[in-house]
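Trainee: I should like to learn how to read the features of a structural model in an orderly way. May we work through one together?

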Amino acid sequence: MLWIELIIFLAIIVIGARIGGIGMGTVAGLGLIVFVFIFRMPQGSPPVIVLGMILAVITALAAMEAAGGLDFLVSVAERIMRRRPQNITFIGPIVTYVLIFASGTQHVIYALLPVIAEISRKSGIRPERPMAMSVIAAQHGLIASPISATTVAMLGILTVLGVTLPQILMVIIPSTFLAVLIGSLSVLRMGKNLDNDSVYQEKLTKGLIKPPEELKKLQGIELKRAKGSTYLFFFAIMVVVLIGMFPQLRPTYEWIVDGVMETGKIEMGGVIMIIMLAVAGLMMIIFKADAGKTVKGSIMRSGIVALISILGISWLGSSFFEGNRIVIIEGISQAIEGYHWVFGIGLFVLSILLFSQAATVVTLIPVGVALGIPAPLLIALYPAVNGYFFLPTYGTVIAAVNFDQTGTTHIGKYLMNHSFMRPGLVTTISAVLIALLITYIF
């Protein structure tokens, strides 16, 4: 039965990925019907705390977007990139990494990509180089962000091993940032220069290259509200990190159980949810973040899609795992015996199938915990969840191809020979190796 169940599980993932959007989560419901009602498998459970943390963070980000905070961040990034256009192959990915790290969402890259493409073309630099690398930098900036859905999910799972947020960040931030620099070096001479590129020259001759649209300009009270919401959000991030670094800052409480006074301490997941919801409330009160715009904004819409997908696929994965716990643990244990690093390959492959770092984390990291893989190694292998560039079908990949009017950023005739393969492999492998080195040293 294990192989039949595994085939069904993989088929659900493939069908859901093809449908796109919330399809991953909803189709997983069909898999649960088969597993629970027909095969009589354990129902498993969705990661409720993780989902709660993700929802709270998304709410704060969506409120910041409604107050103009994301527009303000993008305008700052644009000014930085325009100062040294000749170094756009390095500056573009670095600015993208920092912006995604700070905002906790990849969706701001859609505003950056046209700017990077324009600066590259006007500087005579092949746009493929910074465009492809910036897409990869966004993935790594996301897993390094302390308030991204992926990191929140990782923390929620590893809390049982006594792992704190600073322990994750101290490994992942330097490893991913250095890996982005290495990845940028790898694309420095990728492809032909623009003056020798026949596709670009043909488009230029036919007048197919159009000027990019101007970014939204914030002024007056709009600018003040945008700045205020951004600064408040960053302050909340610092508070979360500070409380994560010093657990004694988490409040304790008392309650009576069977006539006996007991003491407890609020978990880090609760801290994140409370702070982020409070920040969203303050943005609405102080900086007039419209409640309607908050719900209708792109971040909230994409966040809800992510939540439904994670809910369904993680619940399906939990049911499959619980129904075959002994066989799975024994099988993987034998496969990785003495070679725990092989678990990173599993993370990479699953991320290709799921098209989501967060879904990969909630599906496979609990298996690593059950296998007894040490927490430092699980943290070091964490960057391997960035494998979904491998198939060029993710939204940021498609956007980069479409925003590059020169045609240099491409998918390729044979699908796998796309612009993102070299920077993706180099950056992801480098991030894992550097993270392993950091955990070994410290």
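Predicted model: local features only at pLDDT ≥ 70, side-chain atom pairs only at ≥ 80, totals over all residues.

Trainee: Which residues of α20 are buried, and against which helices do they pack?

Mentor: The buried residues of α20 include Met421, Pro423, Gly424, Val432 and Ile438. The buried residues of this helix pack against α7 (128–144), α9 (165–186), α16 (343–354) and α18 (375–381). The length check applies here too: the 21 residues of α20 (residues 421–441) should span 30 Å, and the end C-alpha atoms are 30 Å apart, which agrees.

Trainee: How many helices and strands does the chain have?

Mentor: The chain has 20 helices and two strands. Its radius of gyration is 22 Å, close to the 22 Å that the globule rule gives for 442 residues, so the chain is as compact as a globular protein of that length. Along the principal axes, the C-alpha atoms fill a box of roughly 80 × 55 × 45 Å. Of the 442 residues, 51% count as buried. Among contacts between residues at least 6 apart in sequence, 79% join residues at least 24 apart.

Trainee: How do the strands β1 and β2 run, and how many bridges join them?

Mentor: Strand β1 (residues 252–257) and strand β2 (residues 260–265) run antiparallel and are joined by six bridges.

Trainee: How should I think about a nonpolar core, and which residues have the most contacts inside the largest one?

Mentor: In soluble globular proteins, nonpolar side chains tend to be buried together. In this model, the largest nonpolar core has 131 residues, and those with the most contacts inside it are Met81, Phe233 and Met276. Helix α3 (residues 48–66) gives the most to this core, with 12 residues. Leaving aside neighbours within four places in sequence, the contacts of methionine 81 include Ile88, Val95, Leu112 and Ile119.

Trainee: How many aromatic pairs does the structure hold?

Mentor: The structure holds 10 aromatic pairs. One of them joins phenylalanine 72 and tyrosine 231, edge-to-face, at 6.3 Å centre to centre and with 90° between the planes. Phenylalanine 72 lies in helix α4 (residues 69–83) and tyrosine 231 in helix α11 (residues 220–245), so the pair ties together parts that are 159 residues apart in sequence. At 9% relative accessibility, phenylalanine 72 counts as buried. Ring pairs also link Phe9, Phe35, Phe39 and Phe320 into a cluster.

Trainee: Is isoleucine 308 buried or partly exposed?

Mentor: At 29% relative accessibility, isoleucine 308 counts as partly exposed. This residue lies in helix α14 (residues 298–323). Not counting residues up to four places away in sequence, isoleucine 308 touches Ile22 and Gly25. Isoleucine 308 and glycine 21 are 287 residues apart in sequence, yet 9.1 Å apart in space, C-alpha to C-alpha.

Definitions and conventions:
Residues numbered from 1 in each chain as written. Heavy atoms only, no water. Helix = DSSP H or I, 4+ residues; strand = E, 2+ residues; numbered from the N terminus. Expected span 1.5 Å × (residues − 1). Buried < 20%, exposed > 50% of the residue type's maximum accessible area, 1.4 Å probe, protein only. Contact = heavy atoms within 4.5 Å. Phe/Tyr/Trp six-rings, centres within 6.5 Å; stacked < 30°, edge-to-face > 60°. Core = buried A, V, L, I, M, F, W, Y, C linked by side-chain atoms within 4.5 Å. Pairing = 2+ DSSP bridges. Rg over C-alpha atoms; globule rule 2.2 N^0.38 Å.
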